[in-house]
Amino acid sequence: MTAPARTHTSAELIRAEAPVLAHNYHPLPVVVARAEGTWVEDVEGRRYLDMLAGYSALNFGHRNPVLIEAAHRQLDRLTLTSRAFHNDRLAHFAASLARLTGLDMVLPMNTGAEAVESAVKVARKWAYEVKGVAPDRATIVVAADNFHGRTTTIVSFSTDETARSGFGPFTPGFRIVPYNDLAALEAAVDETTAAVLIEPIQGEAGVVIPDDGYLAGVRELTSRKGCLFVADEIQSGLGRTGTTLAVDHEGVVPDLLLLGKALGGGIVPVSAVVGRRDVLEVLRPGEHGSTFGGNPLAAAVGSAVVELLETGEFQRRAAELGVVLRDGLAALVGKGVEGFRARGLWAGVDIDPSIGTGREISEGLMREGVLVKDTHGSTIRLAPPLTITADELRSALAALEKVLAQGV
Ligand SMILES: Cc1ncc(COP(=O)(O)O)c(C=O)c1O
């Protein structure tokens, strides 16, 4: 098939996908052709406010000028070396990311799932070499309703049947406990436990925020029992919740921290396992790697992302505008919103199912020029770029109020 010319309509482009593209997604019927800041534009020139931000991969907005400039500069100089050689960008990236997170060392990868897989391997190796767990007996304790990605090992410890069904046999070595339940965690951790792996806020589950004290409790329990605390902040991290990391709300430092999405500035896939030196040092040459992990373009963009976060501006915006989001949603409770959970510029909103499914509400909002994504059932998730203005946020809330009032 030849590349579609600009004259194709959205409907034509959507029809053209079906025979040639695997059907593993069910996107909203909008075909984006251009974007800037908080706004995207479809092929017909219709503009939409982006209230999803690529599942938080676009925390700094579409085509953030600082990040685009960093990418352009790097594109003109060096893009890829593989880790067979050193490149002149990687040391700076790793040092700045370690400084931002208060940890020691960085294992650079590309996608979120790769960072999770890498952490599983590092934790197991640490368990055998440092903790002294018997060979092949290591366990990792995870939470029900987690979302950590789509590889076969990761779906092995998912509780979402759609994500698992048809993909077995599964990787053993995982124990699943209810989220936000320290007693269950205490009971599940034993001498075989390499790590507890959790999301500090469960994003795909509907922005589920644990009780105050849960993360501090996980930190205390894992330290006391001698296993690692691995925090998956691939969606919750890098400014989204009003702090650099979601664990910062409880002043907790994990042993391994997983970052992705926004680390690539909405330009390139960049992920990382950031962690304690004595843990990441269990990896030796040849035991783990990635052709693209730590490539100079990724490192240049990732360094620029860290510089943006070091200003504190994005965390501050998320915290301040989070109040506007929270107040706006609170005003809709009883008017089509049954309840919501919000932290910073991130909210899971449970819609009265008699009004419509999350999908129907998302389609209604699309018709009003606002893009969101449903999660489960009648829940929609709001996660705009952190560059959004208060007026733009209010207009998105007004659109939600209108859709809920008129029905779908
Ligand atoms: C918490 C969390 N972990 C891991 C992932 C997987 O990231 P990726 O899609 O880049 O593999 C996601 C993606 O939504 C996520 O939200």
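Residues are numbered from 1 along each chain as its sequence is written. Because the model is predicted, local features need pLDDT of at least 70 and side-chain atom pairs count only at pLDDT 80 or more, while totals for chains, interfaces and linings use all residues. Helices (H or I, at least four residues) and strands (E, at least two) are DSSP runs, numbered from the N terminus.

- Domain 1 brings 27 residues to the contact and domain 2 brings 23 residues; two residues are in contact if their C-beta atoms, placed from the backbone, lie within 7 Å.
- On the side of domain 1 that touches domain 2, α12 gives the most, with 5 residues.

**Helix α12**

- Helix α12 (residues 313-332) has 20 residues and spans 29 Å from its first C-alpha to its last, close to the 28 Å expected; the expected span is 1.5 Å times one less than the number of residues.
- A bend of about 25° falls at Leu321 in α12; the bend is the angle between axes fitted to the seven residues ending there and the seven starting there.
- Among the buried residues of α12 are Phe314, Arg317, Leu321 and Leu325 (buried: 20 or more other C-beta atoms within 10 Å of the residue's own; exposed: 12 or fewer; partly exposed: in between; C-beta atoms are placed from the backbone).
- These buried residues pack against several elements, including α11 (296-310) and α14 (390-406).
- After α12 comes Gly334, with a positive phi near 90°.

**An open sheet**

- In the order β1-β2-β3-β13, 4 strands form an open sheet with mixed pairing; two strands pair if DSSP finds at least two bridges between them.
- Its edge strands, β1 (32-36) and β13 (370-371), each pair on one side only.
- β1 and β2 (residues 39-42) run antiparallel, joined by 4 bridges.
- Arg34 sits opposite Glu41 in β2.

**Backbone details to look up**

- Ala53, in helix α2, has a positive phi near 55° without being a glycine.
- Ala53 counts as buried because it has 27 C-beta neighbours inside 10 Å.
- Asp136 is also not a glycine, and its phi is positive at about 65°.
- Asp136 lies in the loop between α5 (112-131) and β5 (139-143) and is exposed, with 9 other C-beta atoms within 10 Å.
- The peptide bond from Gly168 to Pro169 is cis, its omega near 0°.
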